[in-house]
Amino acid sequence: MSTLTLKNVTLKFGGLVAVNDLTVQIGAGSITSMIGPNGAGKTSVFNMITGFYKPTAGQILLDGQNLVGKKPSQITRLGLARTFQNLRLFPNLTVLDNVKAGMHSRTKQAVWGALWHTRAQRQEERLIEQTALDCLRFVGMEQDCARIAKNLPYGAQRYLEIARALATQPKLLLLDEPAAGLNYEEKEALIGLIRSIRDTYGLTVLIIEHDMGLIKKISDHVVVLDYGQKIAEGVPEAVLNNPRVVEAYLGKEEAV
Ligand SMILES: Nc1ncnc2c1ncn2[C@@H]1O[C@H](COP(=O)(O)OP(=O)(O)OP(=O)(O)O)[C@@H](O)[C@H]1O
């Protein structure tokens, strides 16, 4: 289980301050939700944690190790995986190949093994396949492994993204709007799945989500951003009833 700490993190795009002096601690083994109105800076925070954006200032520490300045692939190898708000699957590959493709960033034999098809590479391929199948089984999709990703129902594509992230054997899992586009039953099932991922794999989970029902049920801790600043944090009930949080949402015509 890993702890993620953001210390005085700021991100500017020219004159626009997308994230402003954000300090936050994501406790080891917790399920933490990051919420806030559109444009509050949530995705920017994910993009900084995963190395897609470099903070203008501040530190991002995974178990004390600073991630700032590292490439996304290095950060993946340190044990961080994410899913995306807009799904990023390989639509024409099978379900199994989608999961395996996500794992190659972590394998050792990738270049020389692929060229000479060494024994070590064959062993590694077997291990990759086994791990991918285990992850698909965990999300309930083992029977779909030969299907083409684009032919899956939307909810199953979201689960496939989660399986692909899990297969990289992360310590910290970032889920960007995992419930978007899911119906009520699918959301309830997703809550169970995320909890069981945390418990079984011993992960720390950070979620961006707009669905308040889901946030209330799943979160140990909630962090609220507005205009790039943290305006509240704490247990879900207290945070979602905090007048400042209600105002931030109502001010943007979104009811909490
Ligand atoms: N690459 C970029 N270039 C310029 N401005 C950006 C860029 N990425 C984000 N922004 C701006 O930074 C601010 C925060 O955006 P961000 O996408 O992080 O918010 P968000 O809370 O994730 O919103 P949403 O809930 O709509 O996804 C917004 O004003 C956005 O327009």
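Predicted model: local features only at pLDDT ≥ 70, side-chain atom pairs only at ≥ 80, totals over all residues.
Student: Which residue stands opposite Lys 7 in S4?
Tutor: Gln 59 does. Pairing needs at least two DSSP bridges between the strands, and strands are DSSP runs (E, at least two residues; helices are H or I, at least four), numbered from the N terminus.

Student: How many bridges join S1 to S4?
Tutor: Five, between S1 (residues 4-13) and S4 (residues 57-62), and the two strands run antiparallel.

Student: OK, back to the strands. What order do the four strands of the antiparallel sheet come in?
Tutor: The order is S2-S1-S4-S5, and the sheet is open. S2 and S5 (65-66) sit at its edges, each pairing on one side only.

Student: What does H1 lie across?
Tutor: H1 lies across S1, S2 and S4, and it runs at about 65° to S2. Angles run from 0 to 180 degrees between N-to-C directions, with axes fitted to C-alpha atoms, for helices over the stretch in contact. Contact needs backbone-placed C-beta atoms within 7 Å.

Student: New topic: which residues surround the ligand?
Tutor: Phe 13, Leu 16 and Ala 18 are among them. The shell also takes in Gly 36, Asn 38, Gly 39, Ala 40 and Gly 41, and then Lys 42, Thr 43 and Ser 44. The cut-off is a backbone-placed C-beta atom within 6 Å of the molecule.

Student: Which element gives the most to that shell?
Tutor: H1, with three residues. The elements giving two or more residues are S2 (16-26) and H1 (42-49).

Student: How many helices and strands does the protein chain have?
Tutor: It has 10 helices and 10 strands. As for the box, the C-alpha atoms of the protein chain fill roughly 60 × 40 × 30 Å along the principal axes.

Student: And the six-stranded sheet, what order is that one in?
Tutor: S6-S7-S8-S3-S9-S10, an open sheet with mixed pairing. The edge strands are S6 (80-82) and S10 (229-234), each with pairing on one side only. From one strand to the next, the twist averages 20°.

Student: Do S7 and S8 pair in the parallel or antiparallel sense?
Tutor: Parallel: S7 (residues 172-176) and S8 (residues 204-208) pair over five bridges. If you want a pair to click on, the bridge partner of Leu 174 is Leu 206 in S8.

Student: Which strands does H10 lie across?
Tutor: H10 (residues 243-250) lies across S9 (221-226) and S10, at about 130° to S10.

Student: Now helix packing. At what angle do the axes of H3 and H5 cross?
Tutor: At roughly 115°, with the axes of H3 (residues 95-103) and H5 (residues 119-138) coming within 9 Å. H3 makes the contact through Val 95, Leu 96, Val 99, Lys 100 and Met 103. On the H5 side you'll find Ile 128, Glu 129, Thr 131, Ala 132, Cys 135 and Leu 136.

Student: And at what angle do H3 and H6 pack?
Tutor: About 35°, and the axes of H3 and H6 (residues 154-167) are 8 Å apart.

Student: Which residues in H3 meet H6 there?
Tutor: Val 95, Asn 98, Val 99, Gly 102 and Met 103. From H6 they meet Leu 160, Ala 163, Arg 164, Ala 165 and Ala 167. So far as the H5 contact goes, Val 95, Val 99 and Met 103 of H3 take part there as well.

Conventions
Residues numbered from 1 in each chain as written. Contact = placed C-beta atoms within 7 Å.
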